[in-house]
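Hello,

Here is the structure you asked for. My notes follow below.

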Amino acid sequence: MEILKMLLQVLLLVVGFACLVKGADWFVEGASKIAVKCNIPEMIVGLTIVALGTSAPEAAVSIKAAFSNDAGMTIGNVLGSNILNILMILGVAALFAALPIKKNTMRIDLPIVIGISVLMLMLGYFDGVMGRLDGVIFYVLLVAFIVYLIISAKKGNSDGEGIEITEKDTPLRLILFIVVGIAVIVLGSNLTVNAASVIARKFGMTDRLIGLTIVAFGTSLPELVTSCTAAKKGQTDIAIGNIVGSNVLNILFVVGSTALITPVAFAKDFLLDAIVSIIAAVLLLVFSIKNKKLTKLGGIVMLICYAVYFAFIILKNYGVINI
């Protein structure tokens with residue numbers, strides 16, 4: 001009976017992940033096409049609605065976890081996603097093809113990721129909470145980042161993805177996509193957090209660990225699919241930009257939104273994870289400086305780093321390592 005109950009929770013977790021991915025997809029499609037129909041430039045739509053939409057799974061799960069008093073899962077989800085995005089997803093994508101990194105990404109975007117990662121560590125670690133003031137700070141930086149993206153795109157430093165409108169895309173249909181997308185995201189977040197919490201406690205895993213691993217992987221599925229598919233098709237520019245933008249939004253949008261709604265505890269244990277997320281971004285920058293691309297060798301090194309980090313947090317959770 002216990003095994004059946006656990007299998008049910010695993011099934012609910014998988015269904016939750018599927019809802020998060022599909023709900024975000026429907027929401028982005030509906031919102032972006034309505035924006036284009038309202039004569040909002042595609043470039044701005046891509047840099048705002050689409051970008052924020054891909055971070056919707058992390059936001060939904062983090063907010064739900066915060067309200068469920070699973071604070072460890074809230075911060076763990078963001079830090080885990082950011083670490084996984086760079087070390088594992090880019091590591092895997094680099095195995096398909098070398099990933100060129102644009103000058104703007106090296107000079108501005110990656111330093112921004114590093115800077116706001118350090119800021120989150122400082123704001124959360126020293127007083128032990130991400131409060132509403134922290135949320136306001138992140139939202140101010142989010143608006144500044146979006147303005148920078150739009151200005152950069154207008155100067156020709158960023159490519160917008162084409163948004164195709166067909167005869168089927170009636171206003172009613174697109175509004176339905178938005179409403180259903182949001183509903184499915186909310187459903188997915190509920191299923192994911194509840195199932196993950198049950199699994200975590202059954203196997204003696206902390207909320208922090210489940211957020212850093214299982215939940216982080218599930219909410220990063222859109223980035224994983226996008227980056228690996230783009231690299232496989234030779235659209236290598238998309239892979240790096242997708243991940244770097246996602247990491248920025250995970251902190252500014254996801255943590256900012258959660259902190260504005262309800263203060264979130266930042267446990268001292270997250271010091272290691274926050275430092276690893278910073279090191280991951282620095283590592284990507286270092287690998288990029290010489291050849292202006294992430295090579296297969298760089299990808300292998302990143303995957304090894306993730307494997308070491310993953311093994312460490314698992315062993316630490318079960319008391320094998322007491323550092």
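By class, what residues does the lining of the second largest pocket have? Eleven are nonpolar, three polar and one charged. The classes work as follows: Ala, Val, Leu, Ile, Met, Phe, Trp, Tyr, Cys and Pro count as nonpolar, Asp, Glu, Lys and Arg as charged, and the others, Gly among them, as polar.

Before the rest, some ground rules. This is a predicted model, in which local features need pLDDT of at least 70 and side-chain atom pairs count only at pLDDT 80 or more, while totals for chains, interfaces and linings use all residues. Residues are numbered from 1 along each chain as its sequence is written, and side-chain values use heavy atoms, with hydrogens and water left out.

**The pocket**

The second largest pocket holds about 320 Å³ of space. Of its 15 lining residues, A56, A59, A60, I182 and I185 are the closest to its centre.

A pocket here is found on a 1 Å grid over the protein atoms alone, as an open set of points where a 1.4 Å probe fits, with protein on both sides within 12 Å along at least five of seven lines. Lining residues have an atom within 4 Å of a point. Points are joined across faces, edges and corners, and the volume is the space filled by probe spheres set on them.

**The fold overall**

The protein has twelve helices and four strands. These are DSSP runs numbered from the N terminus (helices H or I, at least four residues; strands E, at least two). Of the 323 residues, 50% are buried. Buried means under 20% relative accessible area, exposed over 50%, and partly exposed in between (1.4 Å probe, protein chains only). Take the contacts (heavy atoms within 4.5 Å) between residues at least 6 apart in sequence: 84% of them join residues at least 24 apart.

**The core**

The largest nonpolar core has 82 residues. Within this core, I86, M120, M130, L252 and L284 touch the most other members. Helix α4 (residues 71-96) gives the largest share, 13 residues. A nonpolar core is a set of buried Ala, Val, Leu, Ile, Met, Phe, Trp, Tyr and Cys residues joined through side-chain atoms within 4.5 Å.

Look at L284. Leaving out residues up to four places away in sequence, L284 touches I86, L90, I101, L110, I240, L294 and M302. L90 sits in helix α4 and is buried, at 0% relative accessibility.

**Salt bridges**

How many salt bridges are there by this rule? The count is two. The rule asks for a side-chain nitrogen of Lys or Arg within 4 Å of a carboxyl oxygen of Asp or Glu.

One joins the side chains of D273 and R208, at 2.9 Å, N to O. This pair links distant parts of the chain, 65 residues apart: D273 is in helix α11 (residues 270-291) and R208 in helix α8 (residues 207-219). D273 is buried, at 0% relative accessible area. R208 is buried too, at 13%.

The other joins E29 and K33, at 3.3 Å, N to O. Both lie in helix α1 (residues 2-37), four residues apart, about one turn of the helix. E29 is partly exposed at 24%, whereas K33 is buried at 11%.

**Single residues to look at**

- N250 lies in helix α10 (residues 236-261). N250 is buried, at 0% relative accessible area. Beyond four places in sequence, N250 contacts S55, E58, V78, S81, N82, N85 and V255.
- T105 belongs to helix α5 (residues 103-125). T105 is buried at 8%. Apart from neighbours within four places, T105 is in contact with L110, P111, I240 and V244.
- F310 is in helix α12 (residues 296-317). F310 is partly exposed, at 36%. F310 and L84 are 226 residues apart in sequence and 9.8 Å apart in space, C-alpha to C-alpha.
- S68 lies in the loop between α3 and α4. S68 is partly exposed, at 26%. The C-alpha atoms of S68 and V193 are 8.5 Å apart, and the two are 125 residues apart along the chain.

Best wishes
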